[in-house]
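Hi,

Here is the structure I promised to pass on. Have a look at it first, and my notes come after.

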Amino acid sequence: AKYVYDFTEGNRNLKDLLGGKGANLAEMTNLGLPVPPGFTITTDACRHYLAAGVVPDGLDQEVAEHLDALEKQMGRRLGQADDPLLVSVRSGAKFSMPGMMETVLNIGLNDESVHGLAKQAGGNDRFAWDSYRRLIQMFGKTVLGIDGDLFEHALDALKGKRQDTDLDAGELQGLVETFKGIVHEQTGKDFPTDPREQMRLAVMAVFDSWNAPRAILYRRQERIPADLGTAVNIVAMVFGNVGNDSGTGVAFTRDPGTGTQGIYGDYLQNAQGEDVVAGIRNTIPLEELERIDKRSYDELLGIMETLENHYRDLCDIEFTIERGKLWMLQTRVGKRTAAAAFCIATQLVDQGLITLDEAVTRVTGDQLAQLMFPRFDGGADKKKIAKGMNASPGAAVGKAVFSSERAVELSEQGEDVILVRRETNPDDLAGMIAAKGILTSRGGKTSHAAVVARGMGKTCVCGAEELEVSTSEGRFTAPGGVVVSEGDVISIDGTSGEIYLGEVPVVDSAVVEYFEGAEPQDELVKAVDRIMSHADSVRRLGVRANADTPDDAARARRFGGQGIGLCRTEHMFLGERRQLVEDLVLASTDEARQAALDALEPLQKADFTEIFRAMDGNPVTIRLIDPPLHEFLPDIVDLSVKVATDGATDKDRRLLAAVKRLHEQNPMLGLRGVRLGLVIPGLFAMQVRAIAQAAKEVPGARPEIMIPLVAAVQELESVREEAAKILAETGVEALIGTMIEVPRAALTAAQIAEAAEFFSFGTNDLTQMTWGFSRDDVESAFFSRYLDQGIFGVSPFETLDREGVGRLIRIAVEEGRSTRPDLHLGICGEHGGDPDSVHFCHDVGLDYVSCSPFRIPVARLEAGRAAL
Ligand code: PEP
Ligand code: MG
């Protein structure tokens, strides 16, 4: 194996092997830019070292050969007493992990070569001793594991009120002695003076820093795989700390906040790299370098242009000027805000550097989502009182209220409210609609509150366990004894999960106004418009909406939805109609049951008519009722208490008997979906009749009837027959299909497709049943620990689990189409709006994804990206 690459041997495509820094140093070297010579030890070597505890065979030899070559090229030997070559040893993984891993500068200095370095710099003793003390400080901390504060305190004590640049050579020489003393005291050994030994130890320390706790934590947060390892770059030192004709800086080729072209960067005179980041002295804006050193400044601007044209993207760079000579120490395609990503992508198209196809791949659905939510004004003062889970993004401000009724009441009076509950249930729906935001102290990202809030595009923070919510007393307590009572104003940030006391100013999203129909005005919205249009023109996947109200349907159309992929009908049975549902369940005679159904039918018909109108000739997939019964019947405990008291009516007693009869230990695995339809005669027929009648009233209506929770074709067949008969009688055409949300349905898809004209994957239930994870409980129960321990990188309820659930989907797609080649395929679980899952749906060959109206633009964009 080859473990070491000279900068002249690598290129930017070798990031896996050389890390980002090494690959880009090689790329710049090959572009002829002024990069100090050096070489890179591969991530392969690091992985070997981390696994085996020793460096791989042959590495030492290869490093020695490259060092020899470097010494020849530089005309100096590492640490040579009278004229030393010094090197830096720098970490550099495939993905940038800013400040997480280690770097050691000035390797090769010792009590002899420090004089040689002074001579090299024209008798500059101060510079040489400053470099030496930096070496001991960095080496001590990084390689020897000594507490960095010990060095910092010694430096501070010496400086007093002065700056580090005010220390003279004699003082710095004294500091070197102090630092050596610290090393001896802390390790029992002398600071190593052999230059090659220094280098060898530093390389291993960089390898080891891959597994430093902060690096592990960072990778987990950023979802960077734990087994990549880091490369190590050994680079001939150039010095920014020789004097005022030297310095070091960082720059961007354009503004990473907005994308605007211009000069963006910071410069620090007479300093070495780490000083800029450490904030040891105040930097100056890069423009001022023009005044200090015009030649270097002009050269730098030229190089930045070269880099942008070469990388065809925003780059960030690190550079050093040594006595008027500019050196490039690093470049990479730079991080940027969501807004800048869109603007830069279209700017580069206009400059002819990239195509529109590429522009679509340069932005992400997550970035688009960030632009769609109102935000808190970043500069505003805030008093944070707690943090929960960021369940549905956005920024909401309002008076805290503790019941759905209060939320409705106050909002009708024109007040903004935040609904605060321990957790929510379907009865809170009205309050949730009325509220600006929802805050719960229990439940995870797929809890009722979270799912419903996301569906409505409403800000939600859930599972804020630090809060003690007492709905009966109308208040909650936050850590530190903060008490918030009904009417007190709070602000919640659904993007970060933070909760603030008082009002934090909010800025609206111009991007949402554009999706709602406003003409694109500013640069950002125009960029979004161009990229979205292009994504639409290249995508193969259709995008539909999960919508069950005319308002949602209309919004879905405005946002580019091409139909409804899931209209849940159980929501239409809540509120005032709940009584009718109770009657239906309680009915002890055929007549009583029929009476309840007859009462519901015209109401259902009106619901469907409005939705067909809003959808304007686009397909509407209506799912027949799927209510877990515990969500629809009164609470068994409440009812028992009521029946035990004197005021109880006969009806209460009958209701309790029914509730007891229907009570289930696992309602989500119980009498719901098609099972309920088969058990309560006439229920599904009533819904199908209402659909057919409504369709007759709206010209161009395209209903599709969807049967939920089917596990066996036998369940589907009888429902299908009955529905087909009603359709035939009314003369309405509609596809009849099923959800695939029980693993058995996926596994028997070939049979099920005999009775289904379409499949829609209900990946919420399919995930629940494949993993055996209760979708309502696990996120608050233990997922946070799974995520902390790295067992999960992401919840399978958020991003589709390709290996397990995805495998079932593949099987169902393949076998379903084998029975019925024109089987229409979609997805309507929460995953339909998740970027990674949209790519999966494209790959597996679905026809469309369906998601909440607010996520439609994200799905359109990601479907476009998936097709490129
Ligand atoms: C599903 O299970 O994925 C689905 C869309 O149905 P529901 O969430 O209503 O159970
Ligand atoms: Mg379901």
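Below is what I found, roughly from the overall layout down to single residues.

Some housekeeping before that: this is a predicted model, so local features need pLDDT of at least 70 and side-chain atom pairs count only at pLDDT 80 or more, while totals for chains, interfaces and linings use all residues. Residues are numbered from 1 along each chain as its sequence is written, and chains are lettered from A and ligands numbered from 1 in the order in which they are written.

Layout first. The protein splits into domain 1 (1-109 + 194-237), domain 2 (111-193), domain 3 (247-333), domain 4 (374-508) and domain 5 (539-627 + 672-867); these bounds come from an automatic or database domain assignment. Between the C-alpha centres of domain 1 and domain 4 there are 49 Å.

Next, the core. The largest nonpolar core has 251 residues, and F342, A345, I418, I531, V710 and V849 are the ones touching the most other members. By nonpolar core I mean a set of buried Ala, Val, Leu, Ile, Met, Phe, Trp, Tyr and Cys residues joined through C-beta atoms within 7 Å. Buried means 20 or more other C-beta atoms within 10 Å of a residue's own, exposed means 12 or fewer, and partly exposed is in between, with C-beta atoms placed from the backbone. Leaving out residues up to four places away in sequence, I531 touches F342, A345, T346, A359, V360 and V363 (contact: C-beta atoms, placed from the backbone, within 7 Å).

Now the annotated site. UniProt, in an unreviewed entry, lists R568, R623, E741, G762, T763, N764 and D765 under "binding site"; its positions are given in the numbering used here, feature names are shortened, and annotations may be inferred rather than shown by experiment. Helices (H or I, at least four residues) and strands (E, at least two) are DSSP runs, numbered from the N terminus. N764 counts as partly exposed because it has 17 C-beta neighbours inside 10 Å, whereas D765 has 24 and therefore counts as buried. Beyond four places in sequence, N764 is in contact with R775, F797, G829 and E830, and D765 with E741 and V742.

R623, listed in that UniProt entry, belongs to strand 26 (residues 619-623), where five of five residues are buried. P619, T621 and R623 cover one side of strand 26, and V620 and I622 the other. I622 stands opposite C567 and has I705 as its bridge partner in strand 27.

Lastly, a few things from elsewhere in the chain. An open, antiparallel sheet has three strands in the order 18-19-20, with strand 18 (468-470) and strand 20 (482-485) as its edges. Four bridges join strand 19 (residues 475-478) to strand 20, and T477 has V483 as its bridge partner.

G502 lies in the loop between strand 22 (498-501) and strand 23 (506-507). G502 and G398 are 104 residues apart in sequence, yet 8.5 Å apart in space, C-alpha to C-alpha.

Cheers

Definitions and conventions. Contact = placed C-beta atoms within 7 Å. Pairing = 2+ DSSP bridges.
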